Amino acid sequence: MTHLTPPSAPYTEHDGGPLADVPALRPAVHTETAFAGAVWDVTREAFLMVPGEAAGEGTGGMDVNHPDLLVREFIRHPGAVAVLALDDQDRVRMIRQYRHPVGEELWEVPAGLLDVPGEHLVEAARRELAEEADLCADRWDVLADFYTTPGSSSEGIRVFLARDLSPVPVGDRHERTGEEAGMPLAWVPVTEAVQAVLAGRLRNPSSVVGLLALVAHREAGYADLRPADAPWHGRQVRS
């Protein structure tokens, strides 16, 4: 059988430059919604690792059953933001929220979906910090960007460092519902939270990434913090 992919390799060699993920989207030759959910959908796509010449060109279209096609299903996710709020006593604001898929109440930093059209990442972070932790912040920086499960979801999360904190006035506080209703809130010393990560007692990914990134940035004197409006390399940041 004639293969559609050309003989060239699907990857380029590392050029020895700074380590960085490489934007290299393989265009989908077929896309469909495998499942439509209330919050996100499961998408099924077929693609070629080495697109090369247009597959099926001049033949009336692509044969979606061709053996060179890879078919993957993944959650199409709007993305999210998380906030590590650090006070002047070297404590972080944490919440304990029930997460049904894992059946645990997880200690987390405030976080939420990018589900407001046109909302910039840092504005979404401000909203989530106020809604989940009853806090405002005057100083914002980027701690880290990461994909939660890139083998099965398009979800990307930006973790912000929020400082110069102040409480949201009682009369202006968000009324929390669902899993968020009655969530315990706590101020946790950074050293204690990091120890919980290293001991395996704290497993929420945004908390793990944010706390370890905070430690690394501190060791560098915060010189590598990025501004709150920094672009997400390889991914369009909402404006």
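The questions below go through rings, charges, a sheet and some backbone angles in this predicted model.

Q: What makes Trp140 and Phe160 an aromatic pair?
A: Their ring centres lie 5.9 Å apart. The cut-off is 6.5 Å, so the two rings pair.

Q: Why is this pair called edge-to-face?
A: The planes of Trp140 and Phe160 make 80 degrees with each other.

Q: Why does the pair of Trp140 and Phe160 tie together separate parts of the sequence?
A: Trp140 lies in strand S8 (residues 135-147) and Phe160 lies in strand S9 (residues 156-167). These parts are therefore 20 residues apart in sequence. Both Trp140 and Phe160 are buried.

Q: Why is the pair of Tyr147 and Trp232 called tilted?
A: The centres are 5.6 Å apart, with 50 degrees between the planes. Stacked needs under 30 degrees and edge-to-face needs over 60, so 50 degrees falls in the rest, which is tilted.

Q: Which parts does the pair of Tyr147 and Trp232 tie together?
A: Tyr147 is in strand S8, and Trp232 is in the segment after strand S11 (226-227). The two parts are 85 residues apart in sequence.

Q: How do you know that the charged end of Arg26 sits over the ring of Tyr11?
A: The charged end of Arg26 is 5.7 Å from the centre of the Tyr11 ring. The limit on distance is 6 Å, and the charge must also be within 35 degrees of the ring normal. Arg26 is listed as sitting over the ring.

Q: What is the distance from Arg163 to the ring centre of Tyr222?
A: Arg163 lies over the face of Tyr222 at 5.0 Å from the ring centre.

Q: What makes strands S6 and S10 edge strands?
A: The open sheet has three strands in the order S6-S5-S10, paired antiparallel. Strand S6 (104-108) and strand S10 (185-189) each have a single partner strand, so one side of each has no neighbour in the sheet. From one strand to the next, the twist averages 35 degrees.

Q: How do you know that S5 and S6 pair?
A: Five bridges join strand S5 (residues 91-99) to S6. Pairing needs at least two bridges, so these strands pair.

Q: Which strands does helix H2 touch?
A: Helix H2 (residues 190-198) packs on the sheet and touches S5 and S10. Its direction makes about 95 degrees with that of S10.

Q: What makes the link between Arg127 and Glu128 a polar contact?
A: Their side chains are joined at 3.1 Å. The cut-off is 3.5 Å, so the distance qualifies. Arg127 is found in helix H1 (residues 121-133).

Q: Why does a positive phi deserve a remark?
A: Most residues other than glycine have a negative phi. In strand S9, Asp164 has a phi near 55 degrees. Tyr222 has a phi near 65 degrees and is in the loop between helix H3 (205-219) and S11.

Q: Why are Asp164 and Tyr222 called partly exposed?
A: Asp164 has a relative accessible area of 47%, and Tyr222 is at 26%.

Conventions
Residues are numbered from 1 along each chain as its sequence is written. This is a predicted model: local features need pLDDT of at least 70, side-chain atom pairs count only at pLDDT 80 or more; totals for chains, interfaces and linings use all residues. Side-chain values use heavy atoms; hydrogens and water are left out. Rings of Phe, Tyr and Trp (its six-membered ring) pair if their centres lie within 6.5 Å; planes under 30 degrees apart count as stacked, over 60 as edge-to-face and the rest as tilted. Helices (H or I, at least four residues) and strands (E, at least two) are DSSP runs, numbered from the N terminus. Buried means under 20% relative accessible area, exposed over 50%, partly exposed in between (1.4 Å probe, protein chains only). Axes are lines fitted to C-alpha atoms, for helices over the stretch in contact, and angles run from 0 to 180 degrees between N-to-C directions. Contact means heavy atoms within 4.5 Å. A polar contact is a pair of N or O atoms within 3.5 Å; within protein, one must be able to donate a hydrogen and the other to accept it, and residues adjacent in sequence count only if both atoms are side-chain atoms.
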